[in-house]
Each structure stands twice: as C-alpha cells, then as structure tokens.
Amino acid sequence: MSSKDAPPPLPEPLLVPVADSHTHLDMQSGTVEEALVKAAAVGVTTVVQVGCDLKGSRWAAETAAQYDQVHAAVALHPNEAPRIVLGDPDGWSRQGAREAGGDAALDEALAEIDRLAALPEVKGVGETGLDHFRTGPEGVAAQERSFRAHIEIAKRHGKALVIHDREAHADVLRILAEEGAPERTVFHCYSGDAEMAEICAAHGYYMSFAGNVTFKNAQPLRDALAVAPLELVLVETDAPFLTPAPYRGRPGAPYLIPVTVRAMAAVRGIHEDTLAEAIGANTARAFDY
Ligand SMILES: [Zn+2]
Ligand SMILES: [Zn+2]
C-alpha cells in the first residue's frame, strides 16, 4: 500500500465529543466496530449512517438498531432515482444492472423508504435532493419527483431531511420552498457560498461542512462557514469521500472529524472545544436523538 492509499493517522482527540453527521460506513474498509472504536478514541462518539439506495438504506437502519452510537438516514440518492426509472444497463449503482422500471418502480422503491423512515432508529430521510453534476437532463424529472416525495416522507414521519445539492442550489431552494421544508433540514456537504448561507440561515436550514472545507480552492466555502449562525453548523466526513487536507485523496472515515473541526474552528476564530460543543448540540437537535 503506497502512502497515498494508506489510511491517514489518528488525529489528536477532541476533548468535547462531536458527531459525524453524514458517513457511509458500508463503503469503507474494516468493520463497523472498528470504525466506531477508532472514531470514539478521538471524540467522535456519534455517527449518522446514510443510505443511498434500498439496500444501503436497509443496512443503515439495521446498523443503527444494532449500535447506540449510530443513527440512520434512508433514501434513494438523487443519482439513484433516475436509474430506477430509466434503467442502468451498465450497473453503475451498487444494485447492479437494471431494466428501466418507469415511475411505478420508483413509487415501489419510495414505499420501502417510507416504511424504513417510520423506524425509531431512522432519524433522517436522505440523502435526497438534486445533482445536476452527475445526472443529465434526461434524469431531471425522476430526480425532482423523488426529491419531492422524500420531502413529504420526512415531514409525515417528523424526521430530518438530509439534502444532497450538487450544482443545483437554486433548484433545491425552489423545490424546498414549493413543498414546504420539514422542520429540520440539513444541507449535507454544504457547497454554497456566503450569500446562500444567509438564505439557509433565514430558513433555519442546517449547514453540514465536510472535508472539502479544508481544500485550498474552497475559499467560498470558508466564507460561507464564517457567516453561518453557529447554531446551524454541523460537521461530517461523507467518508470514504472528501478526506480533509492534508490527507486529500486518501480513504476517509469518521475518526478524521477532528481534522475538519480544527480547520473550521480556525475559520471561525474560536476554540475547537467551543465549536465541538456547538456541533454536538446542533447535531442532536437536527436529528432529534
Ligand atoms: Zn451527497
Ligand atoms: Zn453522502
């Protein structure tokens, strides 16, 4: 294993416990136990495990039922919904190649998400939203239909809505306004600028910052973090993706949260304990656990 592929070292522990508000343990190497023990050793005592398709959402719910430190979010990812409707001959998704199922197949999958969303260990509905980066124009209708349905499911079950917004800020905000956002709405891997942060703040939307807030080219993201109300700020790994600097490109995991928290505290000009305390309380409030 070259150092480029090696897991980054354990950071100095945070003295105030925090939560990783968005991770994908099922896409990381090692067992769930190993990931949780390593995370807890550095002060990351809670994780939200996010499902992206039916299989992943079922697994998230099962894992959350098994471990007190794990809460689940369930959904069809914005790039998954068009695959269900339009088919996926290349099997890009983890469920493999599949025939076009049309809107009926999407409705069937949404009914299963609805069923999972009712479970007490499921605290969030997501990640849902819009992804104009990976999904082309042919998939927009399915993506929007799926997003609107997830909003409705979150509201009906009183769960947090976890939003994936990739190059779709205006459309995500518009659809939230049209449907009426759930009481607790989280922009996962927040990617807007300071201006959008003001809009999110006005609506009480939580902004969850991932490792990319540490990237050299991410000044607009740091500007957004600088103006976001402290009580709406969360942190996440989105691991195995978006590993923070100086480990960018290497495999991510919840135990790397302290690296991102420290970079965020520097942006805010506050002590890491102060930020960690706010994030801990914010995450518990956002997901109601
Ligand atoms: Zn996402
Ligand atoms: Zn994710």
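First, terms: helices (H or I, at least four residues) and strands (E, at least two) are DSSP runs numbered from the N terminus. Axes are lines fitted to C-alpha atoms, for helices over the stretch in contact, with angles from 0 to 180 degrees between N-to-C directions. I'm on a predicted model, where local features need pLDDT of at least 70, side-chain atom pairs count only at 80 or more, and totals for chains, interfaces and linings use all residues. Residues count from 1 along each chain as its sequence is written, chains are lettered from A and ligands numbered from 1 in written order, and side-chain values use heavy atoms, without hydrogens and water.

**Entry 1: the helix pair.** I found helix 8 (residues 219–227) packed on helix 9 (residues 257–268) at about 70°, axes 9 Å apart. Helix 8 and helix 9 are therefore roughly perpendicular (65 to 115 degrees). Who touches whom (heavy atoms within 4.5 Å)? Helix 8 uses Arg222, Leu225 and Ala226, and helix 9 uses Met264, Val267 and Arg268.

**Entry 2: the largest pocket.** I noted a volume of about 950 Å³ for the largest pocket, that is, the space filled by probe spheres set on grid points joined across faces, edges and corners. A pocket is an open set of points on a 1 Å grid over the protein atoms alone where a 1.4 Å probe fits, with protein on both sides within 12 Å along at least five of seven lines; lining residues have an atom within 4 Å of a point. Of the 34 lining residues, Asp131, Arg134, His164, Arg166 and Asp238 are closest to the centre. Strand 5 gives the largest share of the lining, three residues.

Note on methods. Parallel < 35°, antiparallel > 145°, perpendicular 65-115°, else oblique. Contact = heavy atoms within 4.5 Å.
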